[in-house]
Structures are given as structure tokens and as C-alpha cells.
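Colleague: I have a model open and want to learn how to read it. Can we go through it feature by feature?

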Amino acid sequence: MKDANLYQLLIVLLPIVLPPLISVSSVLYKKLVQNLPNQRRSMVELVVNSVVAAIEQTANDVTTSADKKQAAVTLVQQVLKELHIPASPTTISVMIEAAVYALKQVPTTSTPGNNGYTQASSGQPYDQNTPTPQYAQYPQRNYAPGYQQAY
């Protein structure tokens, strides 16, 4: 009779205890994964790339590159501090330089010389005369009511 009472107690307590236990374990797992070196590096890169793009977008032509870099370093340090991700100033500086270099390597798609048309992969601009791709037309199938084909 004692085993039956224990079994009934488990049936009552399990739905109460299991959901919070699962929630706590998933939060703990995410926290541990975030602290792994690869995860930390990718988070720092993501923050640095976002900050560099924002600084480049908001800074005017008068702002010197040294001022832009100092603003980027300060902003990256603030964001990483809020995210509780440690990173050395040297690492931040190097990643900012890499992000700026990568940003300057990306060609712009719309320049005054091409009248606002974007460049195709072949280097030719898209315009009204560019043929659109034709896709195969498949016949419409009629299925019995209530039946849908899974694709």
C-alpha cells in the first residue's frame, strides 16, 4: 500500500516540478554554450560588424577615421559589457579594423554612373530590356475533397 501512495504522489508532483526544471536546464545550457570561446568570438564579431556599419552610416564626411574608430571602440565596449561578454581592447581594435576593411571591399550596387540600376552577376545592369527567367508551368492537379498532396 505504501508503494501505491508513493506512485500517486509522483503522479501529482511530476507535472508541477518537471516544467520549471526543463526551463532552468535550457537557460543554463544556453548560458554555458554562450560562454564557449567560438560562441563568444562570433558574438563579438557580430557586435563589431553591427557597430562599424552603424558608425559608417551615421558619421558624416567631416569625421576623421580616428574619431570613428574611437566611437566604435567605445560603443562596442558598452554593448559587450551589457551582454556580459569579456573582450580585450586589443581584440576589439583588431576586429574593428577587419570589419572596416571588409566593409570597404564590398562594392556598392548603385552608383551615379549606372543610373540606379543594380549590376547583374555578369556585370551588365538590369533594366527594362533584361529578360525575366521563365519557369516551367506545372499542370494544376485536382484532388478529391479533403485530400491534399504533401510536397
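Colleague: What span should the 33 residues of H1 have, and what is the distance between its end C-alpha atoms?

Modeller: The expected span of a helix is 1.5 Å times one less than its number of residues. H1 should therefore span 48 Å, and its end C-alpha atoms are 46 Å apart, which agrees. Helices here are DSSP runs (H or I, at least four residues; strands are E, at least two), numbered from the N terminus. This is a predicted model: local features need pLDDT of at least 70, side-chain atom pairs count only at pLDDT 80 or more, and totals for chains, interfaces and linings use all residues. Residues are numbered from 1 along each chain as its sequence is written, and side-chain values use heavy atoms, with hydrogens and water left out.

Colleague: Where does H1 bend?

Modeller: A bend is the angle between axes fitted to the seven residues ending at a residue and the seven starting there. H1 bends by about 40 degrees at leucine 14. Proline 15 follows within four residues.

Colleague: Which residues does the UniProt annotation "transmembrane region" cover?

Modeller: The unreviewed UniProt entry gives residues 6-29. Positions are in the numbering used here, feature names are shortened, and annotations may be inferred rather than shown by experiment. In the model, that span is 100% helix and 0% strand. Its end C-alpha atoms lie 31 Å apart.
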